[in-house]
Amino acid sequence: QAVFLRHPELEKEKKFPRLYTLSWMQKLKRLVWNESGNANNRLDEIMNWVLLLNTVVVVAQSVEDLSHVSRFDDLFTFLQFIFSWCYVLEFFVLIAAMSWAEYCSTSARVFDGLATWILFAVS
């Protein structure tokens, strides 16, 4: 879990105050930040479940590929596309709720961001 050096009141909040006071934007911020301005685990918990489901799909797809049966190829392709969009959505939620510097403050987030865009590009 990353520890950020400053409160999540961002320059972009000052530049776009109407956007950042909308109720849906406040909900997005609460997925990432708790009331005291520290990182929140809610979005991470949601994405851990998405990652677990994605892993199950990848294992099932691998088992099907190894058995040389292709009954569910279209389903697996569709599911991988959906997972790719979930990861892209996570990226945008994080960027909306924190600054670029805060996003890049941990190597894990940088890796996640790169992996997200590579996965999205190939899907």
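How many helices and strands does the protein chain have? My notes are below.

1. **Ground rules.** This is a predicted model, where local features need pLDDT of at least 70, side-chain atom pairs count only at pLDDT 80 or more, and totals for chains, interfaces and linings use all residues. Numbering starts from 1 along each chain as its sequence is written, and side-chain values use heavy atoms, with hydrogens and water left out.

2. **Overall make-up.** The protein chain has 7 helices and 0 strands, with helices (H or I, at least four residues) and strands (E, at least two) taken as DSSP runs numbered from the N terminus. Along the sequence that reads α-α-α-α-α-α-α.

3. Of the 123 residues, 33% are buried; buried means under 20% relative accessible area, exposed over 50%, and partly exposed in between (1.4 Å probe, protein chains only). The accessible surface of the chain is about 8,400 Å², and carbon and sulfur atoms hold 67% of that (Shrake-Rupley method, 1.4 Å probe; for residues, only the protein chains shown count as cover). Among contacts (heavy atoms within 4.5 Å) with a separation of 6 or more, 60% link residues 24 or more positions apart.

4. **Helix α4.** Spanning residues 42–66, α4 has 25 residues and runs 36 Å from first C-alpha to last, close to the 36 Å expected at 1.5 Å a residue; the expected span is 1.5 Å times one less than the number of residues. Its buried residues are Leu43, Met47, Val50, Asn54, Val57 and Glu64, and they pack against α3 (23–32) and α5 (73–97). After α4 comes His68, with a positive phi near 55°.

5. **How α3 meets α4.** The axes of these two helices come within 5 Å and cross at roughly 80°. That makes α3 roughly perpendicular to α4, a label covering 65 to 115 degrees (under 35 is roughly parallel, over 145 roughly antiparallel, the rest oblique). Axes here are lines fitted to C-alpha atoms, for helices over the stretch in contact, with angles from 0 to 180 degrees between N-to-C directions. On the residue level, Arg30, Leu31 and Val32 of α3 meet Arg42, Leu43 and Ile46 of α4.

6. **Thr116.** This residue sits in helix α7 (residues 107–122). Thr116 is buried, at 7% relative accessible area. Leaving aside residues up to four places away in sequence, Thr116 touches Tyr87 and Val88.

7. **Cysteines.** With a disulfide taken as a pair of cysteine sulfur atoms within 2.5 Å, the count is 0. Cys86 is partly exposed at 25% relative accessibility, and Cys104 is partly exposed at 31%.
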